[in-house]
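Colleague: I'd like to learn how to read a model like this one. Could we take it feature by feature?

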Amino acid sequence: MYSKIPMPKIEWDEKSMKYVMCFFPLVGSIIGAVMYAAGSVMLRYNVNSLLFAAVMSVIPIIITGGIHLDGFIDTADALSSYGDKEKKLEIMKDPHVGAFAIIWTAVYFVLSLGIWSVVAQRDLPLIAAGFVLSRTLSGMSVICFKCAKNSGLAYMFKDAAHKKRVQLVLALWLVLVTAGIFVLDIKRAVAMSIAASVIFLWHYYNCRKNFVGITGDIAGCFLVVCELAMTAAIAIVL
C-alpha cells in the first residue's frame with residue numbers, strides 16, 4: 001500500500017485493516033536502511049556531491065512509488081487556491097496538476113538537492129531513523145485527527161482501525177525511535193526533534209484551518225515536508 005516493494009496481495013476489509021497503521025513505520029525502517037546503505041557507499045567512494053544528492057533525493061520516491069509526494073503536490077495545489085474548504089478538497093480530488101503544484105514541487109527538489117549535498121556520513125543514521133519517525137507521526141495524525149471527509153484512504157484506515165491498540169503501538173514506535181536518535185547523537189537528535197515537532201504543529205494547524213480535518217493527501221504532504229525538515233536540521237548542526 002505504501003511502497004512498491006512486492007508483497008502478497010491482501011483484500012482490504014474491516015478485519016485486515018484493523019492494525020495496518022501499526023506497520024506504517026516499518027516501511028520507513030526499510031527506506032532508512034536503503035538510504036543508509038546507498039549513502040554510505042557513495043560517500044565512501046567520494047561520489048560527486050550533486051550526483052549523491054540527486055540519488056538520495058529520489059530513492060524514497062522510487063521505493064514508495066511517489067504516493068506521499070503525490071499528496072504534497074495535491075495539497076500544494078489546494079492551498080495555493082486560497083479557496084474555502086470545499087474548493088480545496090475539490091482541487092485535491094482533481095487528477096490534473098496546477099501551476100502552483102509544479103512550482104512547489106520544483107522548490108521541494110531544489111531544497112532537497114541543496115540539503116543532501118551537505119550531508120555527511122555521521123548524519124546518515126539519524127536521517128535513516130527520520131523515515132521511521134515521519135511515518136509514526138503521520139500515522140498518529142491519521143488515527144487521532146478529525147477526518148476532512150467521510151471517504152478516502154485516511155477515513156477508511158481510521159474508521160477500520162482498532163484505535164486504542166494502534167495508538168499504543170504507534171506511541172511505542174515513537175518512544176523507541178526517539179530513544180534511538182538520542183543514543184546516536186544528542187545534539188543532532190535535539191535539532192531533528194525540534195524540526196519534526198514544528199512541522200507536526202504546522203500539520204495540525206493546516207488540517208484544522210484549511211481543511212477542517214485530515215485526508216490521505218495531507219498526511220502524505222506532512223510526511224514529505226517533515227522528512228525534508230529533519231534532514232536539513234541534522235545536516236546544518238555543526
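Modeller: Let's begin with helices: helices (H or I, at least four residues) and strands (E, at least two) are DSSP runs, numbered from the N terminus. Leucine 26, for instance, sits in helix α1. Bear in mind that this is a predicted model, where local features need pLDDT of at least 70, side-chain atom pairs count only at pLDDT 80 or more, and totals for chains, interfaces and linings use all residues. Residues are numbered from 1 along each chain as its sequence is written, and side-chain values use heavy atoms, with hydrogens and water left out.

Colleague: Is leucine 26 buried or exposed, or something in between?

Modeller: Buried means under 20% relative accessible area, exposed over 50%, and partly exposed is in between (1.4 Å probe, protein chains only). With a relative accessible area of 40%, leucine 26 is partly exposed. Valine 41, also placed in helix α1, counts as partly exposed at 48%.

Colleague: Which residues make up the nonpolar patch on the surface?

Modeller: Patches are made of residues with over 30% relative accessible area and no salt bridge; like charges are joined within 9 Å, nonpolar side chains (Val, Leu, Ile, Met, Phe, Trp, Tyr) within 5 Å. Here Ile5, Met7, Phe23, Leu26, Ile30 and Val34 form one, with about 550 Å² of accessible area together. Accessible areas come from the Shrake-Rupley method with a 1.4 Å probe, and for residues only the protein chains shown count as cover.

Colleague: And the inside? How many residues does the largest nonpolar core have?

Modeller: In soluble globular proteins, nonpolar side chains tend to be buried together. A nonpolar core is a set of buried Ala, Val, Leu, Ile, Met, Phe, Trp, Tyr and Cys residues joined through side-chain atoms within 4.5 Å. The largest has 35 residues, and Met35, Met56, Trp116, Val119, Leu133, Met192 and Met230 have the most contacts inside it. At least two residues of this core come from each of α1 (24-44), α2 (49-64), α6, α8 (163-184), α9 (186-211) and α10. The most come from α6, with 8 residues. Another core lies apart from it, with 27 residues, among them Ile143, Ala161, Leu170 and Ala219.

Colleague: What does tryptophan 116 touch?

Modeller: Leaving out residues up to four places away in sequence, tryptophan 116 touches Met35, Phe52, Ala53, Met56, Ser57, Leu124, Ile127 and Thr231.

Colleague: How many salt bridges does a search of the whole structure find?

Modeller: A salt bridge is a side-chain nitrogen of Lys or Arg within 4 Å of a carboxyl oxygen of Asp or Glu. The search finds 4. In one of them, glutamate 227 pairs with arginine 135, the closest N and O atoms being 2.5 Å apart. That pair links distant parts of the chain, with glutamate 227 in helix α10 (residues 216-236) and arginine 135 in helix α6 (residues 124-144), 92 residues apart. Both partners are buried: glutamate 227 at 11%, arginine 135 at 1%.

Colleague: Which residues are linked in a network of salt bridges?

Modeller: Arg122, Asp123, Asp185 and Arg188 are. Within that group, arginine 188 and aspartate 185 meet at 3.2 Å, N to O. Arginine 188 is buried at 4%, while aspartate 185 is partly exposed at 21%.

Colleague: Last one: where does asparagine 46 lie, and what is its phi?

Modeller: Most residues other than glycine have a negative phi, and most peptide bonds are trans. Asparagine 46 lies in the loop between α1 and α2 and has a positive phi of about 50° although it is not a glycine. Asparagine 46 is exposed, at 66%. Tyrosine 82 also has a positive phi, near 55°; it lies in the loop between α3 and α4 (85-93) and is exposed at 75%.

Key
Contact means heavy atoms within 4.5 Å.
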